[in-house]
Each structure stands twice: as structure tokens, then as C-alpha cells.
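Hello,

Here is the structure we talked about passing on. Please look it over first, then read my notes below.

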Amino acid sequence: MKKIRIGLGIAELVMLIAACLFLVPFLNVLLASFKPSSEVFDALHFPSSWEFAHYGAILGEGRFAQSLFNTVVITSLSLGLVVLFTSMAGYAIGRSGKGLFQIVFFILISGMIIPLQSTIIPIFKLATAISLINTRTLMILLYTAGAIPFATIIYTGFVKGIPSEMEEAAAMEGCGKTRTFFTIIFPLLLPATGTVIVTNVFTIWNDFFGPLIYLYSPGKQTLMTLIYQFKQERTTDWGPIFALSVIATIPLILLFFFVQDKFLKGLTAGAVKG
Amino acid sequence: MQAAKNTLYVLAVMVLIGNPLSLTLALLLNLPLRSRGLLRTLFFLPALMSLMVISISWGFILQYDGLLNAVLTLFGFENGIQDWLGTMDYALPAVILILLWQGTGFGAVIYLAGLQSVPRELQESAQIDGATGLQRIYHITIPLIMPFITINTFLGIAGSLKLFDVPFVLTNGGPGTATTTLGLLIYKYAFVHESYGYATAAGMLFMILIAVITFLQLSITRRREVEM
């Protein structure tokens with residue numbers, strides 16, 4: 001037994017070292033973002049003095065505030081719409097999952113298999129035709145549509161696990177379907193809502209392809225496209241790019257620490273069902 | 001054609017190397033270690049970062065005056081110094097390395113859930129019957145976590161077929177066409193050459209390719225799933 005314990009101790013040490021090495025790419029950027037401009041490319045050394053100049057440059061940049069705002073607005077409104085639509089859809093499908101609703105369910109989840117690149121041109125043309133191209137509204141609609149299949153699966157599964165006695169009681173007291181849903185069912189779906197939000201927030205926040213194609217004017221940039229633009233503009237001055245990358249990543253990491261159990265559970269539950 | 005070849009190459013590596021790598025990491029994380037939760041989180045972090053930020057970070061390591069070459073020089077391997085992303089032979093492997101780095105922790109977390117669903121009694125009775133560690137993994141663990149292998153293979157295939165961000169930001173498909181993927185090719189036809197018809201046609205073919213490959217994969221791995 002003692003032998004095993006020593007073995008485990010060594011394994012643990014090796015794993016911890018491996019994990020630190022694993023994070024080197026990010027730590028490298030984090031360090032570089034605090035280095036004076038002259039030392040940014042001096043990869044092997046710690047900063048001679050810790051500076052916040054690059055962060056200052058980012059915060060003083062008008063485009064940063066604008067794209068942070070865009071990213072937050074697009075992410076939160078998309079999530080709001082996803083939750084609103086798919087919780088109702090999941091309720092309807094979960095409670096009467098036969099006939100028409102079953103067909104609707106299959107149509108909704110078939111959206112999962114169509115790759116993004118196949119639809120760029122059709123969506124681009126459609127969006128141009130209805131004057132939604134280059135609007136944040138378009139991005140919100142696209143993200144909502146993109147998240148619907150998976151979120152519907154989650155809600156449907158969850159609704160099936162809720163006993164229907166409460167709804168029957170509510171119906172007897174004369175409570176309408178809509179009110180039943182919002183006052184009784186929706187609060188009960190809270191864990192599912194949490195799963196839907198945490199599994200989508202990262203995808204939407206991090207998306208680069210969408211804003212690159214559909215949001216081309218400078219005022220509509222998200223953080224990801226702003227990083228890319230910075231990279232195009234500054235070929236030598238990388239400090240601010242790193243600072244911006246760090247700023248765009250930290251909120252996600254913080255969020256992850258708060259929700260990680262829920263996130264990982266939702267991830268695996270969803271993955272296996274899907 | 002080069003793009004299709006590159007994409008299939010990425011796909012093969014991701015499935016044949018990335019998948020076992022995730023499983024190995026999951027098996028290690030499943031050991032009764034004290035810092036298990038912390039380790040899991042640390043290895044998972046890359047999956048949270050956007051491909052944009054990842055490309056920036058790795059570009060900074062792999063470029064000529066980057067960290068990798070600095071470390072090589074430090075240890076006296078000056079001959080090994082390369083412009084990793086600017087050389088035909090190394091650009092695509094570099095992109096794949098980045099994808100492996102990002103995907104391994106994610107895959108491991110999914111496998112970990114699978115491993116934890118394998119009943120302890122089965123492992124113990126096999127151990128009493130004299131099965132070695134590797135035998136237990138091969139004959140008990142792997143058949144039982146087949147659904148998780150299915151999903152991870154599926155995610156690996158879907159991810160590599162759709163690959164766009166990393167080569168777009170790091171190499172823009174170059175040098176030459178060394179890192180051009182199908183996703184990047186379609187984007188270039190649509191928005192650089194503005195030949196919409198061609199891009200749409202390529203998109204349709206792409207969709208069929210994805211459908212065929214995932215169908216094949218699902219029918220192969222699903223067949224090997226066992227009931228408890």
C-alpha cells in the first residue's frame with residue numbers, strides 16, 4: 001500500500017508540472033502584457049518592471065469600450081432569446097412529444113448538422129436582402145438560431161422529468177397555459193436554464209468567424225474582431241494586443257470558476273445525449 | 001485539392017492522436033490524486049479561450065523571435081531554430097499542435113465523466129481474477145465508455161472539418177497553401193475572390209462530405225457500444 005501511495009505522489013507532482021507547462025502559452029502572453037514595449041520580444045525574462053502601459057493604451061482606446069459593449073450586448077441578448085424560445089419549445093415538446101411536436105423537434109435538431117461555412121453565402125445574401133447585414137441584430141438572431149437545437153434538447157429532457165400534477169392543479173384553479181408556464185414551469189427549469197447559458201456563453205463571446213463576416217464596420221466590432229484588427233494594424237507593437245487578449249479572456253475564466261461544476265455537468269450530459 | 005488534403009490530414013491526426021491523448025489524460029485525472037479538481041480545471045482552461053486569443057498566444061511562441069526558438073537557443077539547439085509558421089514542412093504540424101493543445105483537456109473532461117460511470121466492482125473483480133492494469137483498460141473500461149468515444153470522435157471530426165480561425169489568423173493559409181483548410185478556402189472564394197457561385201458549391205460539397213464522414217463514424221463506433 002505504501003508503494004502505491006508514493007507512486008501516486010510522484011504522479012501528482014508530474015501532473016502538476018505538466019499542467020503548468022500546459023498553460024505556458026497563456027502565461028507567456030499574460031507576462032508579455034506587463035512588459036515594457038522594448039522587452040516584449042525578450043521571451044525568456046520576467047518584465048524588468050511591471051507596467052500597465054499596454055492596458056492603459058487599451059482602456060484609452062475608444063474602440064475598446066465600443067466593442068466590449070457590442071460583445072456584451074450581443075452575448076446577453078442572444079442568451080436571453082435562446083432561453084425564452086427554447087424553454088417554451090422544450091415545454092411544448094416535452095409535454096406532448098407526439099405527432100406534430102415530434103416533427104418540429106426533429107426539424108429543430110437537424111440544424112445541428114449543417115456546417116457554418118456552407119451557409120455563409122446564403123445567409124449573407126438573405127441578410128443583405130432584408131437589410132440586416134452589418135447589424136448587431138443579425139448576429140443576435142444567428143447566435144440564437146445556432147443555439148436552439150442543443151438548448152431545445154436540454155429543456156425537453158428536463159421538462160420530461162418534472163411531474164405534471166402542479167400544472168393540473170393550476171389548470172383547475174383556472175390558470176391559463178401561458179401563466180402556468182411562466183409562474184410555475186419556468187422557475188422549475190432554472191437548472192436547465194443555467195446549463196443552457198453556461199454552455200453557450202463561451203461560444204458566443206469567443207466567436208470570431210461570425211463578426212468577421214457579418215459585422216464589417218468598425219463601430220460594430222466585437223472584442224475578437226478588434227483583436228484581429230489590432231493585429232493587422234500593429235505589426236511590431238504587440239503589447240496592447242496581448243493586453244486586449246488578456247482582458248477578453250479573464251471574464252470567461254472568472255465566470256468558469258463560478259460555474260464550473262454546472263458547466264462540466266451540462267457539457268457531459270449534453271454530449272452523451274446528443 | 002490541397003485544402004481537402006490538409007483538412008483530412010488534420011482530421012486523421014485529431015482522431016488518431018488527439019483522441020487517445022484525451023483518454024490518457026482522463027485516465028490520469030481519474031487517479032485518486034489530491035489535486036484532482038485543480039488539475040482538471042487547469043487542463044480544461046484552453047478550451048475556454050477563444051481560438052483568436054489562442055492563435056495570438058501560439059503565434060507569439062512559434063514566430064522566429066518567439067519563446068520556442070529562445071528556449072532552443074538556451075539549451076544549445078541553435079540548429080533546430082525555425083520560422084515554424086513560415087516553413088512549408090512545419091506550418092501545418094504547428095497548427096495541429098495548437099488544436100491538440102486546445103482540445104485535449106476538453107476531451108479528457110468528457111472521458112472523465114465516462115470513466116466515473118464505470119462501476120468500481122467490475123474493475124475490482126477483474127483485478128481479483130488477475131487482470132493487469134492495461135488489460136482492465138482494454139477489456140472493461142474501453143467497451144464501457146464507447147458512447148464517450150463516439151462523441152469525442154464526433155467532436156474531433158466536426159472540429160477539424162470546420163477548422164478556420166487558427167490558420168486564418170496565424171498563417172492565412174500559407175506559406176503557399178500549406179495550411180489552407182476547406183473552411184478557409186470557402187471563405188477566400190466568397191470574400192477575397194468574390195466568386196459566390198463557387199463558394200456556395202464548395203459549401204454544399206463540404207456539407208455532403210461532413211454528412212458522409214460523420215455517418216460513417218457514427219455507424220462504426222455506435223456498433224461497438226455495449227449495454228451493461
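**Helix 10 of chain A**

In helix 10 of chain A, the buried residues are A:A192, A:T193, A:T195, A:V196, A:I197, A:V198, A:T199, A:N200, A:V201, A:I204, A:W205 and A:N206. That is 12 of 17 residues, so the helix is mostly covered, given that buried means 20 or more other C-beta atoms within 10 Å. One caution before going further: this is a predicted model.

The helix covers residues 190-206 of chain A. From first C-alpha to last it reaches 25 Å, close to the 24 Å expected at 1.5 Å a residue. Helix 10 of chain A also has a bend of about 30°, placed at A:N200. A:N200 is itself on the buried list.

A:T128 sits in helix 6 of chain A, residues 120-129. Is A:T128 buried or exposed? It counts as exposed, because it has 11 C-beta neighbours inside 10 Å and the cut-off for exposed is 12 or fewer. A:T128 and A:L223 are 95 residues apart along the chain, and their C-alpha atoms are separated by 24 Å.

A:S131 is in the loop between helix 6 and helix 7 (136-160) of chain A. Its phi is near 55°, a positive value in a residue other than glycine. A:S131 has 9 C-beta neighbours inside 10 Å, so it counts as exposed.

**Chain B overall**

Chain B has 11 helices and 0 strands. Its pattern along the sequence is α-α-α-α-α-α-α-α-α-α-α. The C-alpha atoms fill a box of roughly 65 × 50 × 25 Å along the principal axes. Of the 228 residues in chain B, 42% are buried.

An unreviewed UniProt entry lists "domain: ABC transmembrane type-1" at residues 4-217 of chain B. Over that range the model is 77% helix and 0% strand. The end C-alpha atoms of the range are 18 Å apart.

UniProt, again in an unreviewed entry, places "transmembrane region" at residues 6-29, 41-61, 90-115, 136-158 and 196-218 of chain B. I have figures for two of these stretches:

- Residues 6-29 of chain B: 100% helix and 0% strand, with the end C-alpha atoms 32 Å apart.
- Residues 41-61 of chain B: 90% helix and 0% strand, with the end C-alpha atoms 23 Å apart.

**Helix packing in chain B**

At what angle do helix 2 and helix 5 of chain B pack? The angle is about 130°, and the axes are 6 Å apart. That makes helix 2 of chain B oblique to helix 5 of chain B. The crossing of these two helices is left-handed. Helix 2 of chain B spans residues 36-48, and helix 5 of chain B spans residues 88-116.

B:Y111 is found in helix 5 of chain B. B:Y111 is buried, because 26 other C-beta atoms lie within 10 Å. B:Y111 and B:T200 are 89 residues apart in sequence. In space they are 37 Å apart, C-alpha to C-alpha.

**A loop residue in chain B**

B:E194 lies in the loop between helix 10 (182-191) and helix 11 (196-223) of chain B. Phi of B:E194 is near 50°, a positive value in a residue other than glycine. B:E194 has 9 other C-beta atoms within 10 Å, so it is exposed.

Regards

How values were computed
Residues are numbered from 1 along each chain as its sequence is written. Chains are lettered from A and ligands numbered from 1 in the order in which they are written. This is a predicted model: local features need pLDDT of at least 70, side-chain atom pairs count only at pLDDT 80 or more; totals for chains, interfaces and linings use all residues. UniProt positions are given in the numbering used here, feature names are shortened, and annotations may be inferred rather than shown by experiment. Helices (H or I, at least four residues) and strands (E, at least two) are DSSP runs, numbered from the N terminus. The expected span of a helix is 1.5 Å times one less than its number of residues. The bend at a residue is the angle between axes fitted to the seven residues ending there and the seven starting there. Axes are lines fitted to C-alpha atoms, for helices over the stretch in contact, and angles run from 0 to 180 degrees between N-to-C directions. Angles under 35 degrees count as roughly parallel, over 145 as roughly antiparallel, 65 to 115 as roughly perpendicular and the rest as oblique. A crossing is left-handed if the near helix is turned anticlockwise from the far one by less than a right angle, and right-handed if clockwise.
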